[in-house]
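Please have the sequence and the structure at hand while reading.

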Amino acid sequence: MESASQDINLNSPNKGLLSDTMTDVPVDNVSTAAAPPPRASPYNGLTEAEEEELKSELAKVEEEIGTLRQVLAAKERHCGELKRKLGLTPLDGLKQNLTKSWHDVQGSNAYVKTSEKLGEWNEKLTQSDLYLSASSTLEDWNEKLTQSEAYKKTQETLSQAGQKTSAALSNVGSVLSRKFGDMRNSATFKSFEDRVGTIKSKVVGSRENSVDELHSPPASGDKPSQDNPAF
């Protein structure tokens with residue numbers, strides 16, 4: 001300890017040797033304080049600042065979405081009130097939506113292209129040899145069928161059957177009319193008709209007599225009966 005204090009003493013004759021001695025001492029346990037590297041974010045290698053900025057932007061977007069939902073709900077309620085005042089039912093709205101959707105479909109590029117493609121296919125089909133041959137064959141079969149004896153006989157039979165049916169119905173109608181006329185001219189029907197007329201006249205006559213008796217004034221010699229004599 002004494003030798004050390006002597007070396008450090010400024011009044012020591014060995015004070016010039018202190019710096020030389022210290023420069024030769026190796027630095028082993030001295031560590032420099034380096035700045036820590038920026039913390040890596042778990043979100044695709046973003047830095048902490050970028051992560052905070054994106055989170056702030058996400059919060060703003062979610063807030064705007066909530067506001068837009070509230071505005072949309074208010075608009076829908078107002079639309080429903082207007083429809084109710086106009087007398088529009090949900091069925092009318094459904095019809096309008098379907099009509100608008102169908103118009104949109106008809107005006108779409110896919111529908112136009114499909115229609116054009118179908119038109120091209122139809123034209124190619126009608127102009128194909130197979131289609132022309134099939135049409136010609138069907139026309140030949142139709143002509144042969146209409147010119148065949150079986151077809152003519154069937155047509156004549158159906159025509160005769162229709163004429164016979166019409167004649168039969170006409171005969172039935174005339175027979176019923178004649179029978180009804182004969183029945184009305186018969187003695188039995190006339191006797192029944194006379195009896196009905198007699199009964200009717202009796203009923204009408206008795207009803208008229210009852211009405212006359214109710215409206216006719218009392219006789220002069222008759223006095224109205226008094227149930228409660230005057231005191």
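Does Lys55 count as buried, partly exposed or exposed? With a relative accessibility of 42%, Lys55 counts as partly exposed, because the value falls between the 20% and 50% limits. The model discussed here is a predicted one, and a search of the whole structure finds three salt bridges, while the count of aromatic pairs comes to one.

- The side chains of Glu51 and Lys55 meet in a salt bridge, with an N to O distance of 3.1 Å.
- Glu51 and Lys55 are four residues apart in helix H3, which covers residues 48-86, so about one helical turn separates them.

- In helix H4, which spans residues 90-107, Asp104 and Lys100 lie four residues apart, about one turn of the helix, and their side chains form a salt bridge with an N to O distance of 3.3 Å.
- Lys100 counts as exposed, because its relative accessibility is 53% and the limit for that class is over 50%.
- Asp104, for its part, is partly exposed, with a relative accessible area of 43%.

- A salt bridge joins the side chains of Lys117 and Glu120, and here the N to O distance is 3.9 Å, which counts because the cut-off is within 4 Å.
- Both Lys117 and Glu120 belong to helix H5 (residues 109-126), where they are three residues apart, about one turn of the helix.
- Lys117 is partly exposed at 40% relative accessible area, and Glu120 is likewise partly exposed, at 38%.

**Aromatic pair**

- The count of aromatic pairs is one, and it is formed by Trp102 and Tyr111, whose ring centres are 5.9 Å apart and whose planes make an angle of 75°.
- The arrangement of Trp102 and Tyr111 is edge-to-face, because planes over 60 degrees apart are classed in that way.
- Trp102 counts as partly exposed at 44% relative accessibility, and Tyr111 is partly exposed too, with a relative accessible area of 31%.

Key: Residues are numbered from 1 along each chain as its sequence is written. This is a predicted model: local features need pLDDT of at least 70, side-chain atom pairs count only at pLDDT 80 or more; totals for chains, interfaces and linings use all residues. Side-chain values use heavy atoms; hydrogens and water are left out. Helices (H or I, at least four residues) and strands (E, at least two) are DSSP runs, numbered from the N terminus. Buried means under 20% relative accessible area, exposed over 50%, partly exposed in between (1.4 Å probe, protein chains only). Rings of Phe, Tyr and Trp (its six-membered ring) pair if their centres lie within 6.5 Å; planes under 30 degrees apart count as stacked, over 60 as edge-to-face and the rest as tilted.
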